Amino acid sequence: MNRGLVSVIVPVYNRPEMLRQAVASVLAQTYGDFEIIIVDDESTDDTPRTIEELQARDPRIRTVRRPNGGPGMARESGRLAAAGEFIQYLDSDDLLLPRKFELQVGALREHPHAGVAYGRVVYRGPDGREIECDWKPANQNATSIFPSFLLARWWETVSPLYRRSVTDAAGPWTSLRLEEDWEYDARVGSLGVKLVYVDAVVAEHRDHPEERLSRGLGSDPRRLHDRAEAHVRIAAHARKAGVSPDAPEFRTFARELFHLARQCGAAGLRQDSRRLLALARDIGDRPDLRLYALAARIVGWRNAGRLSARLDRMRAGR
C-alpha cells in the first residue's frame, strides 16, 4: 500500500467516449497522487482501443481486462490490483469534480476515526441539465450507513472515498449484476464504519441513453433473483450492525421484502419468494404476511404472486 495514493477503479463495458470523459475528470484533480485502474469487462466495441490510447498518454493509468462478469466483478478485479491507501470507485458514466480527492482525503486525515468520506452529487439528465433526484433520499448527512441504508442507497457509487483498510475488511464484491453496490456498502456498514461528510459537490451522476444494467424489465427473473439475493444479504448486514427489527427503517425494509417476494412469486421464482417472505415475517410478522403465505400454499407461489399483482393494479385503477 502506498500511503497517500488514491486508487481510482473504473469498470467499463462498451462506453469509449464516456470513459474518456470519466478519466479526464480524474486527471483534472487538484490532488495529484493517484493511479487509475481501468477494468475492461470484455468490451466488444472500440473501448479497448480507447483504453490503449489513454494508457499511452499517462503513466498513472493501468488496465485490466477480464471476462464479462458485470460491474461488481469488474470493481473487484480493480480492487485486487489497487496499490493506494484510498479507494475510489468511478463508474464510466460518472464524473469527478476537480477538488474531490483534495477535500475527501483531507477529511479522512482530519477525522482518523472515519473510514469513508463522502460528499454531495449533482444529477444530470440526458440533455446535460441538472435535475432533482426524486427517486431516493440523496445527499444525506450521516455519520453511519445504518439504519438509513435500509430505506435506500442514498449515495451514488462515485460519492464515497474509502480507506483501503475498510475495503480490505469488507472483502470481495459479489457477482450480482443488480443492487451489488447497495449490498457492498451495507456490508461496509455492518463493520460499524464511521462516515465523514464533506459539505461540497464532489461529483456528477449522469443519465444517458446508452445501455445500462439499471434499465430493464422489472419482471425479468434474472434481475429479480439478483435483487432477492441482495436484499437477503442487506438484511443480514443490518442485523450484524445491530439494527433492531423494531426500528422503523427495518419495518419499511420488511415491506419492501414482501413486495419483492410477490414479484418473485409471479415470475416463477418459488425459492426466492419463500425466502423473502420468511425474512419479512421474521423481522415483523403481520396478518397480511400470514395470509399471503397461506394463499401461496393453497394456489402455489406463482399464482399467489400473479393474483397479488392483479389486485395491486386494480387498487391503482389500472
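Modeller: A helix here is a DSSP run of H or I with at least four residues, numbered from the N terminus. Ser25 lies in such a run, helix H1. The model is a predicted one.

Biologist: Why does Ser25 count as buried?

Modeller: Buried means under 20% relative accessible area. Ser25 has 9% relative accessibility, so Ser25 counts as buried. Ser25 also touches Leu90, Leu95 and Leu96, leaving out residues up to four places away in sequence.

Biologist: What does the side chain of Ser25 reach?

Modeller: The backbone oxygen of Ala22, at 2.6 Å. The cut-off for a polar contact is 3.5 Å between N or O atoms.

Biologist: How do you know which side of helix H2 the buried residues are on?

Modeller: In H2, residues 47-57, the buried ones are Thr47, Thr50, Ile51 and Leu54. They cover an arc of only 100 degrees around the axis, and therefore lie on the same side of H2. Arg49, Glu52 and Ala56 are exposed on the other side.

Biologist: What covers the buried residues of H2?

Modeller: The cover includes strand E1 (2-12), helix H1 (16-27), strand E2 (34-40) and strand E3 (61-65).

Biologist: What makes Asp93 and Arg15 a salt bridge?

Modeller: The side-chain nitrogen must be within 4 Å of the carboxyl oxygen. The closest N and O atoms of Asp93 and Arg15 are 3.3 Å apart, and the two form a salt bridge. Asp93 is in the loop between strands E4 and E5 and Arg15 in the loop between E1 and H1, so the pair ties together parts 78 residues apart in sequence.

Biologist: Is Asp93 buried or exposed?

Modeller: Buried, because its relative accessible area is 3%. Arg15, at 11% relative accessibility, counts as buried too.

Biologist: Why is Arg124 called partly exposed?

Modeller: Arg124 has a relative accessible area of 23%, so Arg124 is partly exposed. Arg124 forms a salt bridge with Glu204, with the closest N and O atoms 3.1 Å apart. This pair links strand E9, which holds Glu204, to strand E6, which holds Arg124, 80 residues apart.

Biologist: What makes Ile298 count as exposed?

Modeller: The cut-off for exposed is over 50%. Ile298 has 64% relative accessibility, so Ile298 counts as exposed. Ile298 lies in helix H10, residues 287-299. Together with Leu291, Leu294 and Val299, Ile298 makes a nonpolar surface patch of about 400 Å².

Terms used
Residues are numbered from 1 along each chain as its sequence is written. This is a predicted model: local features need pLDDT of at least 70, side-chain atom pairs count only at pLDDT 80 or more; totals for chains, interfaces and linings use all residues. Side-chain values use heavy atoms; hydrogens and water are left out. Patches are made of residues with over 30% relative accessible area and no salt bridge: like charges are joined within 9 Å, nonpolar side chains (Val, Leu, Ile, Met, Phe, Trp, Tyr) within 5 Å. Accessible areas come from the Shrake-Rupley method with a 1.4 Å probe; for residues, only the protein chains shown count as cover. Helices (H or I, at least four residues) and strands (E, at least two) are DSSP runs, numbered from the N terminus. Buried means under 20% relative accessible area, exposed over 50%, partly exposed in between (1.4 Å probe, protein chains only). The arc is that of the directions from the helix axis to the C-beta atoms. Contact means heavy atoms within 4.5 Å. A polar contact is a pair of N or O atoms within 3.5 Å; within protein, one must be able to donate a hydrogen and the other to accept it, and residues adjacent in sequence count only if both atoms are side-chain atoms.
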